[in-house]
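Hi,

Here is the structure I promised to pass on. Have a look first, and then read my notes below.

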Amino acid sequence: MTMSSSSFLRQLSGKEGWKSTSRRWGGGTGNGGFQSYNWKQMEELNNMCGGGGNGYQNNGGGGLVMRKRVMVVVDQSSHSKHAMMWALTHVTNKGDILTLLHIVPHSSNSNKGSSSADSSSSAAHLASSLGSLCKACKPEVEVEALVIQGPKMATVISQVKKLEVSVLVLGQKKPSTLLTCLCGPSSEEEFVKQCINTLDCLTIGVRKQSKGMGGYLISTRWQKNFWLLA
């Protein structure tokens, strides 16, 4: 399956002259057929990871049993890209939608207009590049890239609710022991923790292990740093 030629750009709501954008790769539309997770469905996630993301596809007659939307918060960091690829390979199935959410903070400098335009252009390019990569790696999954300007936590909360997200995946990096002792958890760590503990959808923190260790460390509302060898 090649990338659909009908891929398009949608304009979302914008503030202060900055327009958020969305791009989708794939043929499906709307939220019909999505099934939401709740916190008691952790066993389903374990089965999904254990099966390499190949379960929950067909019923006895070959029809789709569950269609879900998986969202990943992405940026230019390597750990967010690792989380994106983990979500693509371990959580998404054929027919699912993978939404890549790139959040751009409001500009506060004097050259607001120029800075906003530059941010819009670079953010759109990043989101489009990541979306194309995901679609090339797993064509049977629909991919949507969203670029939205606003406060990070509030934007995630609103988009999770608006898009009826089933699973939210967040990248994590190894915290510095010294900085944690001196300054406490970083704002990024606090963001992931807040998402895991407050959002209604199943929220997963993902950290890729070092080359020597392999696998991923997975954190959820119930488990922290669960070592997944996959």
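Strand β6 is largely enclosed by the rest of the structure, because 5 of its 5 residues are buried. Before I go further, please keep in mind that this is a predicted model.

The burial of β6 shows up on both of its faces. In a regular strand the side chains alternate between the two faces of the sheet. Here Val-167, Val-169 and Gly-171 sit on one side, Leu-168 and Leu-170 sit on the other, and all of them are buried.

Which strands pair with β6? One is β3 (residues 69–73), which runs parallel to β6 and is joined to it by 4 bridges. Within that pairing, Met-71 has Leu-168 as its bridge partner. Another is β7 (residues 202–208), also parallel, with 5 bridges to β6. There, Leu-202 of β7 stands opposite Val-167.

**Arg-69 on β3**

Strand β3 also holds Arg-69. Is Arg-69 buried or exposed? Its relative accessibility is 1%, so Arg-69 counts as buried, the cut-off being under 20%. As for what its side chain touches, Arg-69 makes a polar contact with the side chain of Thr-99, at 2.8 Å.

**The cavity**

I also have a cavity for you. Searching the whole structure for cavities of 30 Å³ or more turns up 1, and the volume of the largest cavity is about 80 Å³.

Which residues line the largest cavity? They are Val-73, Asp-75, His-79, Ser-80, Lys-152, Leu-170, Gly-171, Glu-188, Phe-191 and Val-192. By class, that lining has 4 nonpolar, 3 polar and 3 charged residues. Three elements each give at least two residues to the lining: α2 (78–90), β6 (167–171) and α6 (187–198). The largest share, 3 residues, is from α6.

Thr-92 is in the loop between α2 and β4 (97–104). With a relative accessible area of 0%, Thr-92 is buried, since anything under 20% qualifies. A polar atom of the Thr-92 side chain lies 2.5 Å from the backbone oxygen of Leu-88.

**Cysteines**

How many disulfides are there? The count is 0, with a disulfide taken as a pair of cysteine sulfur atoms within 2.5 Å. Cys-137 is in no disulfide, and the nearest cysteine sulfur to it belongs to Cys-134, 6.7 Å away. Cys-201 is in no disulfide either; for that residue the nearest cysteine sulfur is that of Cys-195, at 8.5 Å.

Cys-137 and Cys-201 fall into separate accessibility classes. Cys-137 has a relative accessibility of 45%, so it counts as partly exposed. Cys-201, at 3% relative accessible area, is buried.

That is what I have on this one.

Cheers

Conventions: Residues are numbered from 1 along each chain as its sequence is written. This is a predicted model: local features need pLDDT of at least 70, side-chain atom pairs count only at pLDDT 80 or more; totals for chains, interfaces and linings use all residues. Side-chain values use heavy atoms; hydrogens and water are left out. On a 1 Å grid over the protein atoms alone, a cavity is a set of points where a 1.4 Å probe fits but cannot get out, and a pocket is an open set with protein on both sides within 12 Å along at least five of seven lines; lining residues have an atom within 4 Å of a point. Grid points are joined across faces, edges and corners, and a volume is the space filled by probe spheres set on the points. Ala, Val, Leu, Ile, Met, Phe, Trp, Tyr, Cys and Pro count as nonpolar, Asp, Glu, Lys and Arg as charged, and the others, Gly among them, as polar. Buried means under 20% relative accessible area, exposed over 50%, partly exposed in between (1.4 Å probe, protein chains only). A polar contact is a pair of N or O atoms within 3.5 Å; within protein, one must be able to donate a hydrogen and the other to accept it, and residues adjacent in sequence count only if both atoms are side-chain atoms. Two strands pair if DSSP finds at least two bridges between them.
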